Amino acid sequence: MLRVAVVGSGPSGVYTAQSLVEQTLVPDVRVDVLDRLPCPYGLVRYGVAPDHEKIKSLQNNLRAVLEHERIGFVGNVPVGAGGVSPERLLELYHAVVYCVGAARDRRLGVPGEDLAGSFSATDFVSWYSAHPDASAFGFALDGRSAVVVGVGNVAVDVTRVLARGPEELRPTDVPQSALGALAASGVREVHMVGRRGPSQARFTTKELRELGTLPSARVGVEPADLALDPAYADPSGLPAVNRRNVEVIREWAAAPPVPDPAARSIRLRFFLRPVEILGEGGRVAAVRFERTEPDGAGGVRGTGRYEEIAAGLVLRAVGYRGAPPEGLPFDPVRGTVPHAAGRVLRDGAPSRGEYVSGWIKRGPSGVIGTNRPCAKETAASLLRDAPLLARRTVPDDPVAVLRAWGLRPVEWPGWLSIEEAEAALGRTLGRGPVKIPDWPGLLAAAGGG
Ligand code: NAP
């Protein structure tokens, strides 16, 4: 038997486990999917926006894999600092595949970034997704205006959640405290701001278009911004996604929203790069942007002209960054673990028994499905190495060893108890399942409490 640990139970981890058991090259592979949290599914549970029910339903596919007879879920097991080191984990398994994503947010590096009211979008997403590490975050939603920096899909998600009315979010699994805060929100204008042009934005067209369909919000664009982008007037030469994005924005520009005092407004802005977050009494009050212009090589240059946008809340949605468990090699420039076809490289040579897949392998880009081929490549490398890996003796019951080491793993029945508790919580609130947002609540529920 070949015993493998996959660290991380998001899509890349689950697809890796699936690739390892659904093959015939090496019979009898047994996979434990470990997670730091007592709950599986990674960013599908804690990153996909609550109102994206269709993508969320992918959990059903991931669940089917985790219920495979040769796959086990082992939650509440931190790997790295404060938990099991990569070195010790290799005592328990023939191989370990790290599928830990890109857990950190990138920073802007401008003055004022740490003022109260300035957050990473990741923190905001974690909060409305009930991530137990985010239960203490308090979001100031009393200001009228919010600025979202960045024009990728995360920016679109947080803009949309801020612009939705509470009745639109109530049917989702958003935690009760976040629902209450969003219902009481005073935010009426959300400015989503890109440093380059509309033809270079990173969002995908379906996500962009959805902003124009929200029942209680209207999208507006700024003709002066759009005119700066040479590809705006004639998008025919652009790659398909960018061309379609520009076409949507052109439709919005051609039919500006009819003023509606009851509606929230989404302002989509371009060619503005943040240079400072301005405060008042220790809290954010505005963002100062420098107007940019195309540099002719796909980038932008500053123009020395500035604009301020008032904001009581600033969310930077400028991408994620890898943060692998302590004890693994890391390439700080790429933000990934160095690897060759998924084999972790230590000092340039493959490290026996250590592999990576997903964002920690290739960086934070692509959609959920991108993880499938990525997982297959890593699994193929591992299976090719299997004869060498299987020479070592490992314990029959690694979970028992984890317990003996003082950890308190939450296995599949514990997760099912959490699910039941969330359904019960929802019933008491007259809602569908409602997520438990804190560690004590999750661990009590996992124990049947
Ligand atoms: P992203 O797609 O890389 O977008 C990052 C945005 O931040 C870009 O607009 C980028 O502009 C901007 N940016 C970076 N540094 C900046 C700076 N210093 N100042 C101003 N702007 C800056 O990242 P993401 O939105 O976090 O998404 C990560 C991945 O998750 C993507 O693959 C995304 O598609 C995926 N995702 C998908 C969904 C979905 O399918 N519904 C939802 C969420 C996330 P430049 O282009 O100029 O660098």
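**Entry 1: salt bridges**

I began with Glu354 and Arg346, whose side chains meet in a salt bridge at 2.9 Å, N to O. I count a salt bridge when a side-chain nitrogen of Lys or Arg is within 4 Å of a carboxyl oxygen of Asp or Glu. Glu354 is buried at 3% relative accessible area, while Arg346 is partly exposed at 32%. My cut-offs are under 20% for buried, over 50% for exposed and partly exposed in between, with a 1.4 Å probe and protein chains only.

A note on the source: I am working on a predicted model, where local features need pLDDT of at least 70 and side-chain atom pairs count only at pLDDT 80 or more, though totals for chains, interfaces and linings use all residues. Residues are numbered from 1 along each chain as its sequence is written, and side-chain values use heavy atoms, with hydrogens and water left out.

I found 30 salt bridges in the structure. Among them, Arg218 pairs with Asp260, the closest N and O atoms being 3.6 Å apart. Arg218 sits in strand β9 (residues 217-221) and Asp260 in the loop between α13 (240-254) and β10 (264-269), so this pair ties together parts 42 residues apart in sequence. Helices here are DSSP runs of H or I with at least four residues, strands are runs of E with at least two, and both are numbered from the N terminus. Arg218 is partly exposed at 30%, and Asp260 is partly exposed at 32%.

I then looked up Arg273 and Glu290, another salt bridge, with closest N and O atoms 3.3 Å apart. This pair links strand β11 (residues 272-280) to strand β12 (residues 283-294), its two residues being 17 apart. Arg273 is partly exposed at 27%, whereas Glu290 is buried at 10%.

**Entry 2: annotated positions**

I checked UniProt next, where an unreviewed entry lists Ser12, Leu43, Val79, Trp359, Gly366, Val367 and Ile368 for "binding site". They span 357 residues in sequence and the farthest two C-alpha atoms are 25.6 Å apart, so they do not all gather at one spot. UniProt positions follow the numbering used here, with feature names shortened, and annotations may be inferred rather than shown by experiment.

I placed Gly366 in the loop between α14 (359-362) and α15 (371-389), and Gly366 is exposed at 54%. Ile368 is found in the loop between α14 and α15 and is partly exposed at 23%.

The "binding site" annotation (unreviewed entry) also covers Arg195, Arg196, Glu207 and Gly366. I found Arg195 in the loop between β8 (189-193) and α10 (205-211), exposed at 54% relative accessibility.
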